[in-house]
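Me: I'd like to go through this model bit by bit. Could you show it first?

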Amino acid sequence: MDHKKMGDDIVRLVGGEANINGLVHCATRLRFDLKDSKKAERETLEKHDGIITVVESGGQFQVVIGSNVAHVYAEIMKNRDFGGDSSSSAESKGEKTSVLSKVFEIISGSFSPLIPAMAGSGMLKALLTVLTMLGWMSDTSDTYLILSAAGNAVFYFLPIFLGITLGMKLKANPYVAGVIGAALMEPNFTGLMDKGSDVSFLGIPVVMMNYSASVFPIFISISIYAVLDKLLKKIILKDLQLFLVPMIALMIMVPLSAMAFGPFGTTVGDWISSGVTWLIGVSGILSGIVLGGFMTFMVVFGLHWGFTPITIQNIGVGGDPIEAMAAAAVFAQIGVACGIFLKAKKNKTLRTLAGSTSLTGLLAGVTEPIVYGLILRYKRVIPIVVIAGAIGGAINGHFGVKMTAYVFHNIFAIPVYTPTVVYVIAIACSFAVAAVLTVMFGYESKTKDTTSETNEPVSNTSTESTPEELSVLPEAKTTEIKKEQIYSPLTGKAVALSTINDPAFSTGAMGKGLAIVPEIGEVVAPVDGVITSLFPTGHAIGLTTNTGTEILIHIGINTVALKGKHFNPVVQEGDIVRQGDLLIQFDIDKIKEAGYETVTPVIVTLTQQEVDVFETNQEQVQKNDVLLTLVV
């Protein structure tokens, strides 16, 4: 994979550098703060080779890439400076967002940059646990203590790191914010705990607490500091702001944090944690069913970030039951992927995807490729992942399994869960149930399963073969050939995809096919099938044939920027069409006057089996002429 080219393509497709306010990345996705998300060519991004899907959540435009995200991010940031702030201030864009969405956005943006450090530290703690259990290292040795310090540091000093990332998120000075967190960890401050209740500031009593690994106090303090920072910059002369603003902010915020925000935040965190623990205690089975069964979809909508502060708070006091129950969902997802791998015997592309994503999930705990590439694509497996996750979650919930260190849920992290044996049984059940049900019931409807697993001809598929085609396939005389023809949706000149001025098409990343330079502004159905996607701008349309082949017709290059001008769709998503039916009318001359090319790619984006695509040899095609022939 060419990370630089991919990065450049993504920047261009999200609307260019001028449309980007900020960019950060987490374990699997680029998180853009766009000035106008409508300028992003979402459909082109989703079809780009190497991109799993695109998600808009919490005010962020998220491009899900997978394990290569760090490399792509590094290439994007070379010679560019979008900053680490992905605040996506909806107010500045004139968009209304709910308070809950803003809260999730702030939590997500604050924790995302820390996830690699937290996950790496958690896995190091898991490794040390294994080494001590096996007797290969003593927990009193110097080596253990040094490595333990590396594993504990990010959690112990979490108020400092969160102060920095939260400051960036709220557009306050991140390093002053970090200093506020650091002050609560400084030896002179922590030493006051030895005085017990006899601590005061200017005669005002101060309740001393241990803020290591705490979350809620720093969230409250930095939220107030962000408001104070803006206020001070308004009333202090610019020439004096360099030292006066941070000095006054520290003089106000550190004492207030110690006297009010810190104790209040700690109390709130304890209340929430206790409430969740109480709810789990009332019915561990029910809690496990909900978290294990539906955590997959909470992640899709970004709702899982709401649990992160509670999880960290719980880990700091002995262990977190929430993530232990949610881990069942991860192994249910992996089980579905393995089931698809076993079931899709004749689809090499799908088997490769399922196999590789299964390994990524098992070894690294990264399952976004499974969720977006398989589960949301083959909706038949959604009930399976819910059932399997609910079973494992119920087991963990009933027996009170807890996660003792922040880790990604993978096989190497097993030692951080206690009781370990119960946890292993729970995730094994989720994995096995998901895999077995997927193999038993399949991942597609019966119609599609039959189509992909047999050689029986179906409607819209011709079994006649010309002598030229038989000569191309040496085994044609002994093996039944299944052929599907795609007819031209336009009248015009046929050109190779490689000649198109758009890498997403010219490189074949979006699929095989041909392009047509249209002479008449009408698009007709190239096959019998159903309209599965019609983009709001009317410049692109997707159809699925009765055999499961997906076809994309994209009128012009970058014409999404016209925002629907000069395009008139006459069908809707879900409409059943016959080959030759009118789909879209468009004004060729006005599109050209606006500065856009009208060359129209006709792409075969997905088939149920591995196929060869043969292109017409005609330079000039009429609508309803055979344009492409698919041979299995």
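**Pocket, helix and strands**

Me: Which residues lie nearest the centre of the second largest pocket?

Reply: This is a predicted model, with residues numbered from 1 along each chain as its sequence is written. Local features need pLDDT of at least 70, side-chain atom pairs count only at pLDDT 80 or more, totals for chains, interfaces and linings use all residues, and side-chain values use heavy atoms, leaving out hydrogens and water. A pocket is an open set of points on a 1 Å grid over the protein atoms alone, where a 1.4 Å probe fits, with protein on both sides within 12 Å along at least five of seven lines; lining residues have an atom within 4 Å of a point. Of the 22 lining this one, those nearest its centre are Lys 38, Lys 39, Ala 40, Thr 537 and Val 560.

Me: How many residues of that pocket's lining are charged?

Reply: Asp, Glu, Lys and Arg count as charged. The lining has 7 nonpolar and 6 polar residues, and the charged ones number 9.

Me: Why do the buried residues of helix 3 line one face?

Reply: Helices are DSSP runs (H or I, at least four residues), numbered from the N terminus. Buried (under 20% relative accessible area, 1.4 Å probe, protein chains only) applies in helix 3 to Val 69, Val 72, Tyr 73, Ile 76 and Met 77. They line one face because, seen down the helix axis, the directions to their C-beta atoms fall within an arc of 130°.

Me: What is the bridge partner of Lys 493 in strand 21?

Reply: Strands are DSSP runs of E, at least two residues, and two pair if DSSP finds at least two bridges between them. Strands 10 and 21 pair in the antiparallel sense over 2 bridges. In strand 21, the partner of Lys 493 is Gln 620.

Note on methods: Buried < 20%, exposed > 50% of the residue type's maximum accessible area, 1.4 Å probe, protein only.
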